[in-house]
Amino acid sequence: MAPVAGPAPAGAAPVVAPAPAPGPTLAAGQQVTVEYCNGEQAKITEPATLHGPAPAAVYVHGGSWVSGNDDTGGFIINRIGPALAAQGFVVVSLDYRLGPRRHWPDQIVDVKCAVRYLRANAAQFHIDPADIGAWGQSAGGHLVALLGTAGPSAGWDIGAYANESSGVQAVVDMAGPSDLLTMGNKGAAVLVAESFIHLLGKVPHKQVGADLERASPTTYVGPGDPPFLVLDSNNDEVVSPQQSLELSWDLGVAGVPHQLLTVERGGHAFDTKGEVPSERAIVNTVVGFFVHILVQHQPLASGA
């Protein structure tokens, strides 16, 4: 994680609520919804069988930072989540504070606090705190990429569980914006870029560019970041595949293990009939990546 100098991130510092009560102790196969930070909720699902502390996989939904919840995402949560649980993962799906009512950086502050909450309650949830991964699509991809690249120097590790780390050990970024300065000026990409700019609230026009840079995962990429699996689609009109290429390039320059998978004709949500690889193959690829890194603890061979 490369240190970044400069002013604090855009937006007023959020009002941080006291830490919620400790999480419940769960049994194998049990699911519970908990309040983790700032009044937000997370759904936690234990694997069917427990053999001691297990790796955890955290899902962060998309929705242009202004919509969605822990069930949003179609097969990306509804199939990948159960497939991870079947492989022995504790699966966590998050809500977070949404814009435009809640300004940036509330969204990443929440997601980072959720990871710290999981570490603080690792014993109750049977989580191995050294093996936490995260996956997300679109805005969720942007947020999990920041989990992997932006350390405490970014200024977002505030609030409860300050003694815990918000870092993750593996990231799957599915069509997430990586450089908010180069999102594009055509079609749906404009709407996504404008959605984020609205998150910034009332900031001077001359400050917007710097704020977008500070909110971009590419700004923070550095040696020591966790392995990444980056997925894009060659016909994505919402988030250009150039975004994933830029992130992949920066990860490569920093020596971060990563793989880039381009889905042919997958659209923004990777759910188009006839896409290659298929939806089923995408599920297997994501699950296989997490198993490889967080269960087998094997190095990742980088490649496009």
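**Strand β4 and the sheet around it**

In strand β4, V91 is the bridge partner of A57, where helices (H or I, at least four residues) and strands (E, at least two) are DSSP runs numbered from the N terminus. The model is a predicted one, in which local features need pLDDT of at least 70 and side-chain atom pairs count only at pLDDT 80 or more, whereas totals for chains, interfaces and linings use all residues. Residues are numbered from 1 along each chain as its sequence is written, and side-chain values use heavy atoms, with hydrogens and water left out.

Strand β3 (residues 54-60) pairs with β4 in the parallel sense over five bridges, two strands being counted as paired if DSSP finds at least two bridges between them. Strand β2 (residues 40-45) pairs with β4 in the antiparallel sense over four bridges, and here T45 stands opposite V91. Five of the five residues of β4 (residues 90-94) are buried, so this strand is largely enclosed by the rest of the structure; buried means under 20% relative accessible area, exposed over 50%, and partly exposed in between, with a 1.4 Å probe and protein chains only. V90, V92 and L94 point one way from β4, while V91 and S93 point the other way. In a regular strand the side chains alternate between the two faces of the sheet.

These strands belong to an open sheet of eight strands with mixed pairing, in the order β1-β2-β4-β3-β5-β6-β7-β8. At the edges stand β1 (31-37) and β8 (258-263), each with a single partner strand, so one side of each is left without a neighbour in the sheet. Neighbouring strands are turned by 20° against each other on average, direction ignored; axes are lines fitted to C-alpha atoms, for helices over the stretch in contact, and angles run from 0 to 180 degrees between N-to-C directions. Strand β7 (residues 228-233) runs parallel to β8 and is joined to it by six bridges, with T262 as the bridge partner of D232.

Helix α3 (residues 106-120) lies across β1, β2, β3, β4 and β5 (127-137), running at about 120° to β1, where contact means heavy atoms within 4.5 Å. In the largest nonpolar core, which has 63 residues, I44, L94, W104, W156 and F196 touch the most other members; such a core is a set of buried Ala, Val, Leu, Ile, Met, Phe, Trp, Tyr and Cys residues joined through side-chain atoms within 4.5 Å. Helix α3 gives the most to this core, with eight residues.
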